[in-house]
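Colleague: I'm new to this one, could you walk me through it?

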Amino acid sequence: MRQRCRIFTTILIVAACLFGGVIASPAQAADYPDKPVTLVVPFSPGGGTDILARLVGAEVEKVLGQPVVIENRPGASGAVGAEYVARQQPDGYHLIFGTSTTHAIAPIISKTRMAGILEKFVPVSEVAKSSLILAVPASSPIKTLDDYVKAAKAGTLTYGTFGIGSTPHLLGAMFAKETDTQMVHVPYKGSSPAVADVTGGHISSVFLTVAALSGSIKGGELRGLAVAGSGRLESFPDISTFAEAGYKGFDNAGWFGIFAPVGTPADVLGKISDAVAKAVKLEVVAKRFGELGLTPVGSSPEALQTDWDQSVELVKSILAKTNLKIQK
């Protein structure tokens, strides 16, 4: 008899726990957030991604009413931070500030730790689209993108980027293929050494972010030839786009977005994406984005999923067309 009572009591306890869990989840989602939210940046403090994450996080926390704590977990091209967030509870309290490099390029070219990223995360919101500038020394006889192509056909040109497998590396390889020219990629550990080498005449050109080149172009050390992005830049309206020069496929020059572990409730994702949309529309944020050559977005999870898918397909297409062999 006692044994039956124990079994019956156990069943009641288990049922109560299960029932409690069922009714608790929606309540937790409705109350989200009721504690600080951690936004992991998979790169070192002080870099472009970190600066952007802190700028957005500071405004998002005002909308959510809870602190957004920026936590840097650099290493392995973003894998360290991604693996950490993927292991957390899918409740919206641990997010990752990703990029098209960490969440579209790395999962395709990686044969090791970054290979499973696509299956571990769901999109929350696209924060901003980025642009790149192809630039040469101001002393170079190359004045236009057409001049650049002619020079590349006449002899080998070098172009520096911030790393192997980066967006400018892949787009540069695609440009060389489409123009049937010889362009040698020179990877650097960051943008600063690349800028130093091109201004010093050690390489022919650089293909870098607006933030990395802005000072050198405005200072007259470098000449911008073309913008890879969705349109002309407000800070450099005289630099035409690749599309205007007749080269298609260069409008997707990268993006920044927030992702959550798989299983995060849809209504929680919606609350975060709404907060991001409000934050990036603020004048102080939009102005800073413009200075960095970024276009504010603040999208729904579905919109980021669309751009995410398109970026993955673009990477696959470039690798197939150029026959690039990259392993990181």
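Predicted model: local features only at pLDDT ≥ 70, side-chain atom pairs only at ≥ 80, totals over all residues.

Colleague: Okay, what volume does the largest pocket have, and how many residues line it?

Modeller: The largest pocket has a volume of about 1100 Å³, and 48 residues line it, with Phe43, Thr49, Thr99, Thr101 and Phe162 lying nearest its centre.

Colleague: Which element gives the largest share of that lining?

Modeller: That is H4, with 5 residues, while the elements that give two or more residues also include helix H2 (48-64) and strand S10 (255-261).

Colleague: And what is the lining like by class?

Modeller: It has 23 nonpolar and 22 polar residues, together with 3 charged ones.

Colleague: Switching to rings, how many aromatic pairs are there?

Modeller: The structure holds 9 aromatic pairs, and in one of them the rings of Phe175 and Tyr247 have centres 5.0 Å apart and planes at 75°, which is over the 60 degrees needed, so the pair is edge-to-face.

Colleague: What does that pair tie together?

Modeller: Phe175 lies in helix H7 and Tyr247 in the loop between strand S9 (222-228) and S10, so the pair ties together parts that are 72 residues apart in sequence.

Colleague: Is Phe175 buried or exposed?

Modeller: Phe175 is buried, at a relative accessible area of 2%, and Tyr247 is also buried, at 15%.

Colleague: Which residues make up the ring cluster?

Modeller: Ring pairs link Phe175, Phe207, Phe242, Tyr247 and Phe250 into a cluster, in which Phe242 and Phe250 are stacked, 4.7 Å centre to centre with 15° between the planes.

Methods:
Residues numbered from 1 in each chain as written. Heavy atoms only, no water. 1 Å grid on protein atoms, 1.4 Å probe; cavity = no way out; pocket = protein on both sides within 12 Å on 5 of 7 lines; lining within 4 Å. Points joined across faces, edges and corners; volume = space filled by probe spheres on them. Helix = DSSP H or I, 4+ residues; strand = E, 2+ residues; numbered from the N terminus. Nonpolar A, V, L, I, M, F, W, Y, C, P; charged D, E, K, R; others polar. Phe/Tyr/Trp six-rings, centres within 6.5 Å; stacked < 30°, edge-to-face > 60°. Buried < 20%, exposed > 50% of the residue type's maximum accessible area, 1.4 Å probe, protein only.
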